[in-house]
Amino acid sequence: MGEERKDKYGDYALLEIPEKERRSMLAMFIEWTSVVTCVAAIWGGGALGVSGDAVTVTIAVIIGSIILAILGGLIALIGGYTRMTTYGIMRYPFGRIGASILGLICSGIGGMLWFTMQTWLAGVLISSMLPGYWFTNIVVATVWSGILMMITSLYGIAAIIVLSYLLGPMFLLLTYFGAAAAFEAFGGIPVLLAYKPATPVSIGALITTVVGYYAIGMVIVSDISRYGRKPSDGGKAWAAHIMLFNTTLVLIGAFSIMLTGSENIALAMLKIGMGYSALAFLFLTQLDTNDNNLWVSSLAWVNAIGGRLTRRHWTAIMGAIGTIWAALVAYGFGPSMQVLFDFGGYLGRLIPQMGTIMIADFFIFRPYVLGLKDATKRYKFGPGSKYSIINVAGIISWIISSVLAFYAEALGVTPAVMGIVSGFILYLVIATICHKAGVKYEIGEWIERPTGF
Amino acid sequence: MRLESGLRGPRGSEKMSEKISHVKSFALRMNLIIAVLAIISLLTTIGTNYRAQALLAVIVAAIILTVIVTVIRVKGASDPLLCGKAIVQGTWFWTSFSLSYLIMTGSPYFGMPMINVAINFLIGIIIIILGIYTLLRTKKETGVMLSI
């Protein structure tokens, strides 16, 4: 690790995490658990619920989660060994400029879009929870909840983990309790087992859908796993949260739609008379998930732009853009939320393969083709470290697998899975052939500055 | 770390073990208070319907389990950092669970009488205040960060 460098940008956005900043496995586990305990996971489960019976969906969710746990665990391990953010790690398989562009697509813009959508949802929720007051007007509520969601992100990772510790355990307890209460009220296991889906699909399609839902989160897992005390801590925490909570939350969404006709468990909780409790619970869930979206976005912008703007500046800029956009949507003016959903769909076809290209480079190409067996020495960071400007093998693999992902549905495959598999294979094939044939695939040279940029 | 600075040599290690036992006894005392408060909250469900009893049983079980795990970890901790880590993590968990008292008990679904709701609300507030106090004091005495 060597001598500690000055963290110019904050939260070690461009530097390796020093010993004193490392966190426990529990802190990472609770942080990811807070991220996954959001409405999106449960809504995702709802889509599965209309496509399969209870037993088939359960098996698909377990298998899909095992795949997510393994792939995300491997990416987390890269973060654990290198102590760098996802965008720093990307400098090797994609080159320095490639990492900047792909980091912006993955988190810089993607994270901000998620932030915008969840801020708008919070505004909708507050205005429906407490109608009739000026401060609960949908536009006003969207603005102040956006500002509220920016606060922990502005403070950084310590504040984000503190908020997760405060709200995460409560979420889990109440999600399971609320789900159990709602399911019991709507008929319970006998009704669940008797459920027949309107449009059943194959178990393979269900598994790929499960993987697709959390594929983006899986790619950026190193942003957190680099904080682990041991290199493997992040991977273990990731796998544990996936197997314990991603599985159950997705199943709650699926079972909810089978029993109540709605994937929204908060709505089901409202239907059975839980009143403001369900809505308060939902709002807090949004709050705890959304700070993370903004935080990863700021890390990606720092890696891409550098200069004088720190991680906090980027948090404020992206937070302000997201909040204003969400307020405009709430006002019924400007770009509609559909633009966000559509753009989010495009990102879902562009991002997952970035993760498997990183896995292929770190775990196969470097040790078995380049002969770099020591995992701690496969990637070198620090002042004077040299990166290519563009790694052609990584960029071409990403472009082709992205094109394949866009056409995957026509082939009956989920885009995320097409991207994951094709990106992995293409990178190994292209990089290995280029290396063996002596073809230069790493173009240009970028020397890291003392700031890490 | 704060606790380790200036505690070198035989006298230093004596002072350190004195300090650890002080931190441990503080943690055990706080966890005992939390367990008692949780049990009192469970008693408020006597005579109420099964939904309220189920809710409180789940919250109290989660808090008691956290207290037990925390006490075991604190007792087994051999150095101030491990002790502080166990206290901070356990305290976050029971503080978080106690938010359920504020969010859930007043819901019409559970049909709890207003007086019981008020008592549970108060218990929730007390646990949160004790949680904040425990966290800040543990941070001060052991130097363990709150986002450990």
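Which residues does B:Arg137 touch, not counting residues up to four places away in sequence? In this predicted model, the answer is B:His22 and B:Phe26. This arginine sits in helix α4 of chain B, which covers residues 114-142. Its relative accessible area is 18%, so B:Arg137 counts as buried, the limit being under 20%. Its distance from another arginine can also be given: B:Arg73 is 64 residues away in sequence, and the two C-alpha atoms lie 18 Å apart in space.

B:Thr134 is buried, with a relative accessible area of 1%. Leaving aside residues up to four places away in sequence, B:Thr134 touches B:Phe26, B:Met30, B:Ile87, B:Thr91 and B:Trp94. B:Phe26 is thus a name to remember, because it is touched by B:Thr134 and B:Arg137 is buried and touches B:Phe26 too. The side chain of B:Thr134 also has a polar atom 2.6 Å from the backbone oxygen of B:Leu130.

With 29 residues at 1.5 Å a residue, α4(B) should span 42 Å, and the 41 Å between its end C-alpha atoms agrees with that. After α4(B) comes B:Gly143, with a positive phi near 80°.

At the N-terminal end, α2(B) is capped by B:Asn49, which places a side-chain oxygen 2.8 Å from the backbone nitrogen of B:Arg51. The buried residues of α2(B) include B:Leu55, B:Leu56, B:Ile59, B:Val60, B:Ile63, B:Val67 and B:Val74. Threonines are found in this buried set as well, namely B:Thr66 and B:Thr70.

Seen as a whole, chain B is made of 4 helices and 0 strands. Its order from the N terminus on is α-α-α-α. The C-alpha trace of chain B spans about 60 × 20 × 20 Å along its principal axes. Of the 148 residues in chain B, 52% are buried. Among contacts in chain B between residues at least 6 apart in sequence, 75% join residues at least 24 apart. The accessible surface of this chain is about 6900 Å², and 71% of that area belongs to carbon and sulfur atoms.

How do the nonpolar residues group together? In soluble globular proteins, nonpolar side chains tend to be buried together. Here, the largest nonpolar core has 174 residues, and those with the most contacts inside it are A:Phe94, A:Met354, B:Ile63 and B:Tyr101. Helix α8 of chain A, residues 157-185, provides the largest share of this core, with 16 residues. Apart from this core lies another one of 7 residues, among them B:Val23, B:Ala27, B:Val74 and B:Ile87. As for A:Met354, its contacts beyond four places in sequence are A:Met90, A:Phe94, A:Leu102, A:Ile105, A:Cys106, A:Val219 and A:Trp398.

The two chains also meet each other. Chain A brings 33 residues to the contact and chain B brings 28. The area buried between them is about 2500 Å², with 73% of it coming from carbon and sulfur atoms. On the side of chain A, the residues that lose the most area to chain B are A:Tyr165, A:Leu173 and A:Phe177, together 24% of what that side buries.

Most residues other than glycine have a negative phi, and most peptide bonds are trans. A:Asp11, however, has a positive phi near 55°, and A:Tyr12 has a positive phi near 50°. A:Asp11 is found in the segment before α1 (25-36) of chain A, and A:Tyr12 is placed in the segment before α1 too. What is the relative accessible area of A:Asp11? The value is 14%, so A:Asp11 is buried. A:Tyr12 has a relative accessibility of 8% and therefore also counts as buried.

Terms used
Residues numbered from 1 in each chain as written. Chains lettered and ligands numbered in written order. Predicted model: local features only at pLDDT ≥ 70, side-chain atom pairs only at ≥ 80, totals over all residues. Heavy atoms only, no water. Core = buried A, V, L, I, M, F, W, Y, C linked by side-chain atoms within 4.5 Å. Buried < 20%, exposed > 50% of the residue type's maximum accessible area, 1.4 Å probe, protein only. Helix = DSSP H or I, 4+ residues; strand = E, 2+ residues; numbered from the N terminus. Contact = heavy atoms within 4.5 Å. Polar contact = N/O pair within 3.5 Å; in protein donor to acceptor, adjacent residues only side chain to side chain. Areas by Shrake-Rupley, 256 points an atom, 1.4 Å probe, with all protein chains shown as cover. Buried area = accessible area lost by both parts, 1.4 Å probe. Expected span 1.5 Å × (residues − 1).
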